Amino acid sequence: MENNLNLEFEKVYGSTAEYHFFCPGRVNLIGEHIDYNGGKVLPCAISLGTHLLVRKNNDGLFRFRSLNFSEKADIILAKGYTKQGKDWFNYPLGVINFFLENNELQGLDLLFYGNLPTGSGLSSSASIEVLTAFAIDQIFNLGTNKLDLVKIAKRAENEFIGVNCGIMDQFAVAFGEKDKALELNCDTVEYTAVPFKLGDYLLAIINTNKPRKLADSKYNERFTECRTALAELQKELKIEHLCDLNSAMLETNLDLIKNFTVAKRAKHVVSENERVQESVKAMANNDLETFGKLMYGSHDSLKNLYEVTGVELDTVVDYCKKNPNVLGARMTGAGFGGCAIALVKANKYDQFAEELDKYYLEKVGYRANIFKSGAEEGVRKV
Ligand code: ADP
Ligand code: MG
């Protein structure tokens, strides 16, 4: 499909596209459920993503088409849009809406195509939002800086779509760099690009195809548990976030936390924060083996202490542990479903994918989808 996009545009709109842009999806490599505890995340942009072919029109219309969805929309250029039903075009429309607050735009014929699974935690929504923001900025020469594009995209998701996400997704798909991970503080948006060279390995992304139904309610529950742990520790300790503690300090003060489950949650958060720091060091030393072990450590902690995995994600990681061509694997994202990632020897990938596919089908009863990725550059002109 990627090679025929120009042809598809012609079929849909009857003439050639003027511009072609691409925005990747993202995975968080390690650092799960610590962004709301003062810890840093470590995402990278991936090989899969969303394309946009576009041309200006003189009809005063935004025409929205996607090769992934059958719904179409032709929307008259105006200010102050609101969300129209639940259709996909609200994502780009939300972005355009915020640009129109301060800029004069012209009508556009837009055609989207993505090879990211949607609703699986690889952030196809951030991909289409940042893609639209980048495209509008380029087409109309607005000179917006990249962080402001990220903020407009996030605003579309928060205020227009109505999903209360943080900034990691939009940031990662915009600022991604080839062979780099982004060590990001989601509160301050300070970040460091960390070398992440895969060498003979690749990043496999395994979509469990398990809907993340529980993710939202459990997220709120974990959030509250972390706040409880923090409040109890603060009675004795001068800390602002759980991630201000190291494991030894937490261990010494663990009896301040009354509830056993809440104490387990705190242990995950503090140890996961340390694993991020160790991962950054390992990556800087080109030490994928150590990073792989940290990935397994992260998964085990999310499974046993934070309790956000489930049989599907655990099945993927269990298989990976048995395969000598895999250095590490873990769930990524909020958990309960969505995707796992694994570091797999590149020349053994086909065998890995075939075996995992069978193993997963047998244990879970339906199939997973497996993709190859690297750590890639963020949003760009094609
Ligand atoms: P996730 O971000 O985890 O993939 P979301 O539910 O947040 O899942 O966002 C998915 C939605 O984003 C899709 O249902 C659709 O509305 C929109 N979207 C993503 N990619 C495309 C695309 N290629 N074409 C049209 N809409 C898309
Ligand atoms: Mg999303």
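Me: Which residue in β5 is the bridge partner of R55?
Reply: That's D109. Before we go on, this is a predicted model: local features need pLDDT of at least 70, side-chain atom pairs count only at pLDDT 80 or more, and totals for chains, interfaces and linings use all residues. Residues are numbered from 1 along each chain as its sequence is written, while chains are lettered from A and ligands numbered from 1 in the order in which they are written.

Me: What does β5 do with strand β3 (residues 61-66)?
Reply: β3 and β5 pair too, this time in the parallel sense over five bridges. F62 stands opposite L108 there.

Me: What makes β5 count as largely enclosed?
Reply: Seven of its seven residues are buried, so the rest of the structure largely encloses β5. A residue is buried if 20 or more other C-beta atoms (placed from the backbone) lie within 10 Å of its own, exposed if 12 or fewer, and partly exposed in between. Both faces of β5 are covered: L108, L110, F112 and G114 on one side, D109, L111 and Y113 on the other.

Me: Why is G121 called buried?
Reply: G121 has 26 other C-beta atoms within 10 Å, so it gets the label. It lies in the loop between β5 (108-114) and α3 (124-139). Not counting residues up to four places away in sequence, G121 touches R212, T332, G333, G338 and C339; contact needs C-beta atoms, placed from the backbone, within 7 Å.

Me: And what makes S123 buried?
Reply: Its count is 30 other C-beta atoms within 10 Å, so S123 passes as well. S123 also lies in the loop between β5 and α3.

Me: Which positions does UniProt list for "binding site"?
Reply: The unreviewed entry gives S66, G119, S120, G121, L122, S123, S124 and S125. UniProt positions are in the numbering used here, feature names are shortened, and annotations may be inferred rather than shown by experiment.

Me: How many residues surround ligand 1?
Reply: 18, and the closest are S66, W88, G114, S124 and S125. To be near the ligand, a residue's C-beta atom, placed from the backbone, must lie within 6 Å of it. β5 and α3 each supply at least two residues of that shell.

Me: How do you know that β9 and β10 pair?
Reply: Six bridges join β9 to strand β10 (residues 339-345), and the two run antiparallel. G328 stands opposite L343 in β10. β9 and β10 form a hairpin with six residues between them, and G333 in the turn has a positive phi of about 95°.

Me: What makes β9 largely enclosed?
Reply: Seven of the seven residues of β9 (residues 326-332) are buried, so the rest of the structure largely encloses this strand.

Technical notes. Helices (H or I, at least four residues) and strands (E, at least two) are DSSP runs, numbered from the N terminus. Two residues are in contact if their C-beta atoms, placed from the backbone, lie within 7 Å. Two strands pair if DSSP finds at least two bridges between them.
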